Amino acid sequence: MISVQAKPAAFSFDPARTALVIIDMQRDFLEPGGFGAALGNDVSVLQASIPAVDSLLALAREQGLLVIHTRESHLPDLSDCPVAKLEGGKPGLRIGDPGPMGRILIRGEPGNQIIPSLSPIDGEWVIDKPGKGMFYATGLEDRLRAQGIETLIFAGVTTEVCVQTSMREASDRGYRCLLIEDATESYFPAFKQSTLEMIIAQGGIVGHTARLTALRAAMNEERP
Ligand code: TIU
């Protein structure tokens, strides 16, 4: 077992039963001309998370953790996109409209790809999800159970939307959850801060949080 200095208390996990989940580090959210920008956001704010997510992915690969990448995406015919979601956001570019990186938030389009520094490699799972949470309509729960995974370490964007929703879904399904504080970002810094606080409030009502340095120190100590 590995024990990480975390909030609200130390967090222990068995690396053989743990997966790193990197939520939606795709061009649609991190680069101009994608879904995030179409919603009126300054996407440069999210780019601050990239170095830490890069390092976290390298650590997980070195230590042999299962790595799962998610992408928020919809089918080209939009049959998996509720009208309420299509209508959401600001007028301008909407899901399925053509943009500078192809059709906004559509599976297979250039904008829907994970950013190059985090490209998945063989053996890593890529989960396309139509919702904010990673369990909704993805079949992920059965795959995780079959693999014997019991702990999930989270990173990615955005903290209070897809990361938090996925973490809450995971918590309800009995997974022990750790969010890496510097490997997640929001378009709204105050929302990130509030999310980190609400996750660990009430004795860790949703899960735990830790800095990447704390995770790295704990893992290198146990398995240098
Ligand atoms: N808008 C926003 O903050 N997030 C999303 O729409 N999706 C994800 O968080 N991935």
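This is a predicted model: local features need pLDDT of at least 70, side-chain atom pairs count only at pLDDT 80 or more; totals for chains, interfaces and linings use all residues.
Strand β4, residues 66-72, runs parallel to β7, and five bridges join the two. If you want a landmark for that pairing, look for H69, which stands opposite V126 of β7.

N112 sits in the loop between β6 (102-103) and β7 (125-129). Is N112 buried or exposed? N112 counts as buried because its relative accessible area is 0%, and the cut-off for buried is under 20%. Leaving out neighbours within four places in sequence, N112 is in contact with Q26, D28, R71, E72, S73, L105, I106, R107 and D128. As for M101, 11 residues away along the chain, its C-alpha atom is 8.3 Å from that of N112.

One of those N112 contacts, E72, turns up again around the ligand, together with D24, F29, F35, L39, V157, T158, V161, C162 and Y187.

| Residue | Protein side | Ligand atom | Distance |
|---|---|---|---|
| D24 | polar side-chain atom | nitrogen | 2.7 Å |
| E72 | side-chain N or O atom | nitrogen | 2.8 Å |
| C162 | polar backbone atom | oxygen | 3.1 Å |

How much of the ligand does the protein bury? Taken alone the ligand exposes 280 Å², and the protein buries 92% of that.

Definitions and conventions
Residues are numbered from 1 along each chain as its sequence is written. Side-chain values use heavy atoms; hydrogens and water are left out. Helices (H or I, at least four residues) and strands (E, at least two) are DSSP runs, numbered from the N terminus. Buried means under 20% relative accessible area, exposed over 50%, partly exposed in between (1.4 Å probe, protein chains only). Contact means heavy atoms within 4.5 Å. Two strands pair if DSSP finds at least two bridges between them. A residue is near a molecule or strand if one of its heavy atoms lies within 4 Å of it. A polar contact is a pair of N or O atoms within 3.5 Å; within protein, one must be able to donate a hydrogen and the other to accept it, and residues adjacent in sequence count only if both atoms are side-chain atoms. Accessible areas come from the Shrake-Rupley method with a 1.4 Å probe; for residues, only the protein chains shown count as cover.
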